[in-house]
Amino acid sequence: MARTRPAGSLRDPDDLGIRLRAGYRGLSEAELRTTAVTYLHQLTAGKVVGGLHRLGPLLDCPPRALHAALPLLQHLEALVHRVDLGAGTGEEDRIAFDGIEHLLDAHGLDHPGIRRQVALLKAYGRQRRRVVHELAEVDEEALRVLTHQRCSDVRLLVQVLCDVVGRDAAVALHALDPLLALREIRDDLRPHAADRAFGHVNVLAEYRRLFGEVDGPHRLHREQLRLVEELLARWSRLPRKRARALWPAVFDAPIPRRLRRLPRVLLVRQARARLLASVPEPVLAAPVGAPGR
């Protein structure tokens, strides 16, 4: 059962950092051990958490509140990477997820959306063991589900951030879903020896295993185009202010000044051209090592 949130508002940027730090004092010694992370975990997590700055306008999150929440967000992401950087055993996963649960409980973070993302991360851990270690057969829809589950760490961070600052994450998460999947796929288009070494699912390798060395990359290319169209469709339905705020998250750069006053329809049209041009051609060269692993 989640602990009661510390007295006082967690939604005031002036005292948010104090209130969040107070949550750690509610952890027992045994719980603190499950939340322990290494410097390597923290460094890896920092790359993900740093990207949240670009989501501030989309989430309507005050910069001071985001800054105050960063230590908690980085700790959560480091615990996720404690799973990723381990050997993928069930026991290691269990201990790391216990740490995540204890950390969330200590801060009174029991929003259903937060619990949903944790459940998706656990489901990904189970499916990852099936696919990588047991060589279970999966179809294309199962690979889409896996990719969605892999993105749950970013969605967890967004949901936690919105909860502590009093914002609704639903609209932003709906818009971000195709973008997060695209980024997971693009990360997997590079040589994936490290994925094999750490027992990670590599979507390019799995498409090759499922459809063959030639058809697999082409099918994955079509999947990226589908995700681009889905992202654009969701983008076009956002209110104008949020439509402009999505640009930095998509392109990792501020919206160009000449585009800032464009109507939403024209802005999305500009984004469409850039996104389609950014989809890489099918990766036909064989990966390092045996195909699919």
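Leaving aside residues up to four places away in sequence, H221 touches V279, P280, E281 and P282, a contact being heavy atoms within 4.5 Å. The model is a predicted one, where local features need pLDDT of at least 70 and side-chain atom pairs count only at pLDDT 80 or more, while totals for chains, interfaces and linings use all residues. Numbering starts from 1 along each chain as its sequence is written, and side-chain values use heavy atoms, with hydrogens and water left out.

H221 sits in helix α13, which covers residues 215-236; helices here are DSSP runs of H or I with at least four residues, and strands are runs of E with at least two, numbered from the N terminus. At a relative accessible area of 14%, H221 is buried. That label means under 20% relative accessible area, with exposed being over 50% and partly exposed in between (1.4 Å probe, protein chains only).

A cavity is a set of points, on a 1 Å grid over the protein atoms alone, where a 1.4 Å probe fits but cannot get out, and lining residues have an atom within 4 Å of a point. Helix α13 gives the largest share of this lining, four residues. About 40 Å³ of space lies inside, the volume being the space filled by probe spheres set on the points, which are joined across faces, edges and corners.

Zooming out, the protein has 15 helices and zero strands, and 50% of its 293 residues count as buried.

Notes
1 Å grid on protein atoms, 1.4 Å probe; cavity = no way out; pocket = protein on both sides within 12 Å on 5 of 7 lines; lining within 4 Å.
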